[in-house]
Amino acid sequence: MAYRVPLFNLNFDEREAQAAYDTIKSGWISTGPRNAELEQMFKDMWNVKHAVSMNNCTNALHVCCMVCGFGPGDEVICPSLTFAASCNCSRYVGATPVFADIVGPEHINIDPADIERRITPRTKGIIVVHLAGYPARMDEIMAIARKHDLKVIEDACHGPLSAYKGRKLGTIGDCAAFSFFSNKNISTGEGGMFITNDDEMERKARLIRSHGMSTMSYQRASGHATEYDITCLGYNFRMDDIRAAIAIEQLKKLPGDLETRSKVRRRYEENLRGIERVTVPFIGCGEFTSNYIFPIVIKDSTKEKRNALREYIHARGIQTSVHYPAAHLFSTYRELGTVLPKTEYVTNNEVTLPMYAALTMEQVDEICEVVSDGIKEIYG
């Protein structure tokens, strides 16, 4: 069905179209000068030493696991309330994901206390997901990592320019991954970025990205090299310059877009405070965040009633989603037998409402009124 108020809108205009056109006209469309420019913008905006563009966030996470040295026999602790890529990536290198619970409906990021409970002699790392663009409890997580000599990967795909105590998400752990998927704050259709402050991790990531080649095609075409060596087993994780050019325009827009999203978030919070059955995760967070999505959790609910509420909202022309189905309950992970009561409650009773800068205050008011009406109708 066509929704009057969609979940997401694409923040594109003639600038992205012109950037793609200009790149095509330049005669160089594979990984080249636009990728180098995008990587430099990331380094400047995130105040990080290294940025390596990737063709998607999943492969950026795969690279994170590789440069962290995870492998067969290792365990990597990760949340279940996330998209599957956040846990699949450890399997790509032969490691085993170990799922940890969230703090609770008020803070739906991974629980540091549960991380520590799940550490064994085989644990080699932690993958942290900053859900909805809100920071996990990184001080506690990094203290645990130092205590047990663990690597920390930040899946920051929801949180471009989000901050934690003055530091950008993605710059706190050992390395991080960002997503440029079509519905992300930075959108190129497909694409991603790997960042780190570690020189050796960056060196390895750049080799892995392109077949282990010692020089790239653009370097050879520009006369900076005439041949190459294959120095390690690598992959084709390269981003093309057309998408990089689009990402550059998206990055230019990002600060203003996030400022407007913060106003949308505040309006939601004002309207939903009075609905007793609704929990707004991260309400009152004082950090600057990307507000990638706007999740709510229904109290004293069931999955069936949550689904009925979503159908009620959809019938009024407003699109919703669920972030996310619990990964540990997928068929591929069910054999691990993990039980995560807080995650399981939230995944069954969460509703993601529309969130984007173009939402008007009147639309936010209408969405909240429909949610309120639906709760009265379904829950009594």
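Predicted model: local features only at pLDDT ≥ 70, side-chain atom pairs only at ≥ 80, totals over all residues.
Helix H4 is followed by Gly94, whose phi is positive, near 90 degrees.

**Helix H4 and its cover**

H4 spans residues 85-92, and its buried residues include Ala85, Ser86, Cys87, Cys89 and Ser90. The elements that cover the buried residues of H4 include helices as well as strands, among them those tabulated here.

| Covering element | Residues |
|---|---|
| Helix H3 | 57-67 |
| Strand S2 | 75-79 |
| Strand S3 | 96-100 |
| Strand S6 | 123-129 |
| Strand S7 | 151-155 |
| Helix H11 | 331-334 |

**The H1-H9 pair**

Two packed helices are described by the angle between their axes and the distance between the axes. For helix H1 (residues 14-26) and helix H9 (residues 241-272), the axes come within 8 Å and cross at roughly 150 degrees. Because angles over 145 degrees count as roughly antiparallel, H1 is roughly antiparallel to H9. The crossing of H1 past H9 is right-handed. H1 contributes Arg15, Glu16, Ala19, Ala20, Thr23 and Ile24 to the contact, while H9 supplies Asp241, Ile242, Ala245, Ile246, Glu249, Gln250 and Lys253. By class, the residues of this contact comprise six nonpolar, two polar and five charged.

**Leu38**

Leu38 lies in helix H2 (residues 33-46). Its relative accessible area is 0%, so Leu38 is buried. Apart from neighbours within four places in sequence, Leu38 is in contact with Phe180, Met193, Met239, Ala244, Ala247, Ile248 and Leu251. A separation of 9.6 Å is found between the C-alpha atoms of Leu38 and Ile246, residues that stand 208 apart along the chain. Ile246 also belongs to the H9 side of the contact with H1.

**The three-stranded sheet**

Three strands form an open sheet in the order S12-S13-S14, and their pairing is antiparallel. Strand S12 (278-279) and strand S14 (350-353) are at the edges and have a single partner strand each, so one side of each lacks a neighbour in the sheet. Helix H12 (residues 341-349) packs on this sheet, where H12 touches S13 and S14. The direction of H12 makes about 105 degrees with that of S13. Between S12 and strand S13 (residues 294-298), the antiparallel pairing extends over two bridges. Val278 has Ile298 of S13 as its bridge partner.

Notes. Residues numbered from 1 in each chain as written. Heavy atoms only, no water. Pairing = 2+ DSSP bridges. Helix = DSSP H or I, 4+ residues; strand = E, 2+ residues; numbered from the N terminus. Contact = heavy atoms within 4.5 Å. Axes fitted to C-alpha atoms, helices over the stretch in contact; angles between N-to-C directions. Parallel < 35°, antiparallel > 145°, perpendicular 65-115°, else oblique. Left-handed = near helix turned anticlockwise from the far one by under 90°. Nonpolar A, V, L, I, M, F, W, Y, C, P; charged D, E, K, R; others polar. Buried < 20%, exposed > 50% of the residue type's maximum accessible area, 1.4 Å probe, protein only.
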